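Visitor: Could you take me closely through one part of this model, the sheets and the helices that pack around them? I would like the cut-offs behind each term as you go.

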Amino acid sequence: MSIAPALLKAFPKMNDSQRAIVSHVGGINEYEDPDRPFPKGYVQIMTIHQAKGLEFPVVVVGSLHTQMSTAKQIDRDLQPFYQRPPFEPEDRVTAFDRMRLHYVAFSRPEKILVLSCPAQAKDHFDPIWQGLPQWPHVQKELLAAQNFEVKDRIPLKRSFSFTGDLKLYETCPRQYQFFREYDFTPSRSAVIFFGLLVHQTIEEIHRLVLDGKVAELDEERIRTLFDRTFRFLTLADVRPIGPAARQDAFSQVMNYFRQNQAELQRVIETEVDVSVEKDDYILTGKVDLLMGGDGKLELLDFKTSPKPTNSPTLLQTYERQLCTYAHILEKRYGKRPERLLLYWTAEENKADALMQFPYKPELADEAAREFDAVVHKIKAKDFQILTVPEKTICKECDMRSYCAADGIFTSVT
């Protein structure tokens, strides 16, 4: 943008992060680091909508020559469905929208507003544009005398989830690098869809129980919940499952419901938040189900895969996770959880589906230290694979050829 060199010369005492250029454009799709939305050493360029709620010492507003689009046709189409009469004349909607939009832009600066335009500005800006000094015929001494102080910024704590971050990194740092850091979509995303479909439908069942509507639950009602959840998930950026997998997911939900109707009366809460704030990050997580009875507290987490038969490392990870959840809830409620349960919904029989772990507070302390170490590595972008994951994980991984070429392992069969 041609205004940038002049801007740098006009305000030599200003830090780069204190300048902002605001433009009315369709959108800016360049990559933005969520941990550093305003990096030092750069002039911030954003749309007016992106700038809403922010302030900068100096703001440059461009694109004053462009024709602003209007949503009048949308208003016409939706007018029959509005519950209130029109509150603006249709022939003035565009002007009012323009006023609202540029009020946001022009009110962003704390000290100086600069208007920039590569062509003649639209006539409706004349009352402002014509009354301003034009570059370079401005009071440069006054501008140069402006004093700008760098503000201390309180860094926001980054959030890390038990499953989406810590467990994925512990499974394989390279998978974390590609799927979380680089935001790649795994080719097996249909597996994720399957798990979400089963989890969220069971959650809907539990919510109806908590609302006192357990009598409404039958196969037809659950099918309605299941189909609605399926439709919502198809709106997300996850590849949906096919008809066979969809029926398998519904069978898992119904199998759980039929074998646990007596247990539903003991449901206390579903999707229980177990987030905790650490010194330099926030650890987030949810327990799928909290149950009680006889004064006892039980935690239950659902897994939609078959119960593993030879994965001790995986089970140790789940045990530490459950103990951490239990520790957080014990501190919160002052009540010690009696049982920590995993429920493998792919198992046909309830006896095979349930897996119980004892509550060991010492495991929670151990897990906390490991979580701190993992978060430290993630923040340092340390994605070295020091221990090769289990063969079943590597066999189904999208990066297996990359790792083989990198010498991580020779082959996966």
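Guide: Five strands form an open sheet in the order β6-β9-β10-β11-β12, and their pairing is mixed; here two strands pair if DSSP finds at least two bridges between them, while strands (E, at least two residues) and helices (H or I, at least four) are DSSP runs numbered from the N terminus. The edges of this sheet are taken by β6 (267–273) and β12 (354–357), each of which has a single partner strand, so one side of each is left without a neighbour in the sheet. From one strand to the next the twist averages 25°, where axes are lines fitted to C-alpha atoms, for helices over the stretch in contact, and angles run from 0 to 180 degrees between N-to-C directions.

The model is predicted, so local features need pLDDT of at least 70 and side-chain atom pairs count only at pLDDT 80 or more, although totals for chains, interfaces and linings use all residues. Residues are numbered from 1 along each chain as its sequence is written, and side-chain values use heavy atoms, with hydrogens and water left out.

Helix α9 (residues 189–210) lies across β6, β9 and β10 and runs at about 135° to β6.

Helix α9 also packs with helix α10 (residues 219–234): their axes come within 9 Å and cross at roughly 135°. The two are therefore oblique to each other, given that angles under 35 degrees count as roughly parallel, over 145 as roughly antiparallel, 65 to 115 as roughly perpendicular and the rest as oblique. In this contact (heavy atoms within 4.5 Å), residues of α9 including Phe193, Leu196, Leu197 and Ile205 meet residues of α10 that include Ile222, Leu225, Phe226 and Leu233. By class, the contact of α9 with α10 comprises 10 nonpolar, four polar and three charged residues, with Ala, Val, Leu, Ile, Met, Phe, Trp, Tyr, Cys and Pro taken as nonpolar, Asp, Glu, Lys and Arg as charged, and the others, Gly among them, as polar.

A second open sheet has three strands in the order β5-β8-β7, again with mixed pairing, and its edge strands, β5 and β7 (276–277), each pair on one side only. Strand β7 runs antiparallel to β8 (residues 281–284), to which two bridges join it, and Val276 stands opposite Leu283 in β8.

Helix α14 lies across β5 and β8, running at about 120° to β8. The axes of α14 and α7 come within 10 Å and cross at roughly 85°, and these two helices are therefore roughly perpendicular to each other. Phe162, Leu166, Tyr169 and Glu170 in α7 meet a set of α14 residues, among them Phe371, Val374, Val375 and Ile378, in a contact that has seven nonpolar, no polar and three charged residues.

Helix α8 (residues 173–181) is largely enclosed by the rest of the structure, because seven of its nine residues are buried, meaning under 20% relative accessible area, with exposed set at over 50% and partly exposed in between (1.4 Å probe, protein chains only). The buried residues of α8 are Pro173, Arg174, Gln175, Tyr176, Gln177, Phe178 and Phe179, and they pack against β5 (158–161), α7 (162–171), α14 (361–379), α15 (391–395) and α16 (400–405). After α8 comes Asp183, which has a positive phi near 60°.
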